[in-house]
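Thank you all for making time this morning.

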Number of protein chains: 4
Amino acid sequence: MAKNKKKKILEVAAQLFASQGFDNTTTLQIARETRVTEPLLYYHFKGKEEIFTYILAEVFQKYAEHIDELPKNTQTEFDKIANLIRLHSHIAEEHPQNARLILSNCPGKLMQKQHACRDILEKQQQMVSSYIQDCLESGNAKKEFDAHPVEQTALILLCLANEFMRMKIMRKKDSQPDTQGTIEFCRKSLVKS
Amino acid sequence: MAKNKKKKILEVAAQLFASQGFDNTTTLQIARETRVTEPLLYYHFKGKEEIFTYILAEVFQKYAEHIDELPKNTQTEFDKIANLIRLHSHIAEEHPQNARLILSNCPGKLMQKQHACRDILEKQQQMVSSYIQDCLESGNAKKEFDAHPVEQTALILLCLANEFMRMKIMRKKDSQPDTQGTIEFCRKSLVKS
Amino acid sequence: MAKNKKKKILEVAAQLFASQGFDNTTTLQIARETRVTEPLLYYHFKGKEEIFTYILAEVFQKYAEHIDELPKNTQTEFDKIANLIRLHSHIAEEHPQNARLILSNCPGKLMQKQHACRDILEKQQQMVSSYIQDCLESGNAKKEFDAHPVEQTALILLCLANEFMRMKIMRKKDSQPDTQGTIEFCRKSLVKS
Amino acid sequence: MAKNKKKKILEVAAQLFASQGFDNTTTLQIARETRVTEPLLYYHFKGKEEIFTYILAEVFQKYAEHIDELPKNTQTEFDKIANLIRLHSHIAEEHPQNARLILSNCPGKLMQKQHACRDILEKQQQMVSSYIQDCLESGNAKKEFDAHPVEQTALILLCLANEFMRMKIMRKKDSQPDTQGTIEFCRKSLVKS
DNA sequence: CATGAATGAGTATTCATTCAT
DNA sequence: AATGAATGAATACTCATTCAT
């Protein structure tokens, strides 16, 4: 029942942070919706910021696991890019809350040097960048791609993958970008014909 | 001297909203940095929200003008896409503050139905979408492109253009995406070879 | 046009003070509804309090005139009492705004010693008291009444006359006290049968 | 110690509201005189209005109890009227603060339809009206009175009883109306001789 | 683990009033 | 006579956080 409540707090807080943002979510609101009193939040966490950081870490942890679980051996290197876009599509559709947290500009305060949030985000970005760069380099080597320079192309693909997710969660169903269309767009650009 | 202060307030507020976000900017802060007392803000504007809305309207107005001023007759249709990306690059570099405001998720409160902010944003999005769609359709007609379906492709390009701007303002110089590279990426995907 | 605006200010202010009370009426509201700017209020009057005092003086002036105009020679002395009640009824019906101001507990601040409002109110109360006392004394002398002690009876009649006016302006039409009924009630008590 | 402070807040607030009125009493003042910080007011109550409403309800509750405790069986029906006046005299003398609150015109805001204050006041007025009407009807039946129409006469008596209380708290000792005198005044008018 | 009570520091907003013109 | 601009002092209310139990 103890662990239970801590978990519940995190669930509620995550939902509120995702839908209202960090600044517009009060500790009272978190406490009330968890059916708990505020001091309990402070028993389990150091403060509001820690709750947020904790959640962010969790979300990115899951995201990292998803990236890690993407198949290492694919027929073509481009399949890896396609898989990344499909993963973003999946997250946007199945875990829109997490997508919102991943894309949320953390409140400025939490992005200062030395704050845990900053580390989490930077680590995450490097991870995805690596994933894409590795795949581009392999593709280049195999003459599947002709992507130069690799870092730049990786960055562009990351742009696309991110904003693709952003649009999926921000727009109405009928004006969302299409997953397969986005993949094809990238294929045309990347894969040598 | 009168108009002067109103203008000054808007400048200061814009800078603060862009760098700290709406919620983390207090009216006191705006007043202090304008070297003015708080009640003056309320003399010129109805409240904090109106200041924000006013600024947002201004920024989008300028953005709309920029889009409008992009050359209508270009050698190729793709040049129009390239110009859009160059425009985003230009804004990110020369007016990063405006870029931040354009991309900022307005606080939820200001995005509710019937709020002026919502109208501004929606109008803007449709404008850019139209620009891209028109150009894609022309390009398709001229057999320059083979972009189908048009709406989807337009959305993808919008994604890229937006997140491109976002990355330019969020990342350090050395890890920003390159304008020419981004343009080439799109060209490869769009232009029939 | 000058006198005109001063008059207009007083009219608007009187209406607002009567309906909302002194504290809930702002100088801005007075200015706006007079279609004038606030500094003009301060050109014509020393401040909000002076406007109120001025109005109160006017209203009581008119009230005093009404009392003064009540017929001095009546068939019976009781007719004078009846006339006072009828006057209150008349004011409540024809000038409810004035009635409201007469009965309003002036805001505490304005009732401090040495404030003009206090003088006005006290002078007024003494005037009505005198009117009633004179009539009672005459009535006693003529053996029409048997009202003892005169001061006390006068006070009771004043109570009735005032609260009668108060009820007329505060209550819905169907639960207001009836003028003739009130007069008869007093007659039965006062007039020797 | 907890209940203690809530009670203290109410006591202090009641005293301030009674002496200064709702609008001229600030939450800071209430807090300071209670030797408590403002947020505590908001911990115990929803806001200033709720504090006022709460107090008003309490005062009227006590008043209602007093009315209820008035002897049901009296020698004459008129004794009941006399008792009501004596009750008002008692309240004015022993609990002038409550008297002030009872008679205070609640600020307009709090008298809007659907506001708790309105209900409280209306309920109260009907209660006293009933008390007087019942007694008048009984008196008429017993041929003790000849009060017609009952509703009207009841209203007049209510006028007197209220304004009597008002005068007792507003005037200096030497110009207050006399309880016994007021009772006799009513007796002469009501009781058939 | 849990809570009722309490608070320091803010937070947007309002108001009567004044100044320069 | 009239106004646009400006302000000092409040004003109700909120929030993250802590303390005593």
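Let me begin with a term: on a 1 Å grid over the protein atoms alone, a cavity is a set of points where a 1.4 Å probe fits but cannot get out, and its lining residues have an atom within 4 Å of a point. Grid points are joined across faces, edges and corners, and a volume is the space filled by probe spheres set on the points.

This is a predicted model, in which local features need pLDDT of at least 70 and side-chain atom pairs count only at pLDDT 80 or more, while totals for chains, interfaces and linings use all residues. Residues are numbered from 1 along each chain as its sequence is written, chains are lettered from A in the order in which they are written, and side-chain values use heavy atoms, without hydrogens and water.

The structure holds one cavity of 30 Å³ or more, and the space in the largest cavity comes to about 30 Å³. Its lining is formed by B:Ile81, B:Leu84, B:Ile85, B:Leu157, B:Leu160, B:Ala161 and B:Cys186, and these divide into seven nonpolar, no polar and no charged residues, where Ala, Val, Leu, Ile, Met, Phe, Trp, Tyr, Cys and Pro count as nonpolar, Asp, Glu, Lys and Arg as charged, and the others, Gly among them, as polar.

Turning to the helices, α8 (residues 150-170) of chain A packs against α9 (residues 179-190) of chain B at an angle of about 70 degrees, with the axes 10 Å apart; helices here are DSSP runs (H or I, at least four residues), numbered from the N terminus, and axes are lines fitted to C-alpha atoms over the stretch in contact, with angles running from 0 to 180 degrees between N-to-C directions. α8(A) and α9(B) are therefore roughly perpendicular to each other, a term that covers 65 to 115 degrees.

Key
On a 1 Å grid over the protein atoms alone, a cavity is a set of points where a 1.4 Å probe fits but cannot get out, and a pocket is an open set with protein on both sides within 12 Å along at least five of seven lines; lining residues have an atom within 4 Å of a point. Helices (H or I, at least four residues) and strands (E, at least two) are DSSP runs, numbered from the N terminus. Angles under 35 degrees count as roughly parallel, over 145 as roughly antiparallel, 65 to 115 as roughly perpendicular and the rest as oblique.
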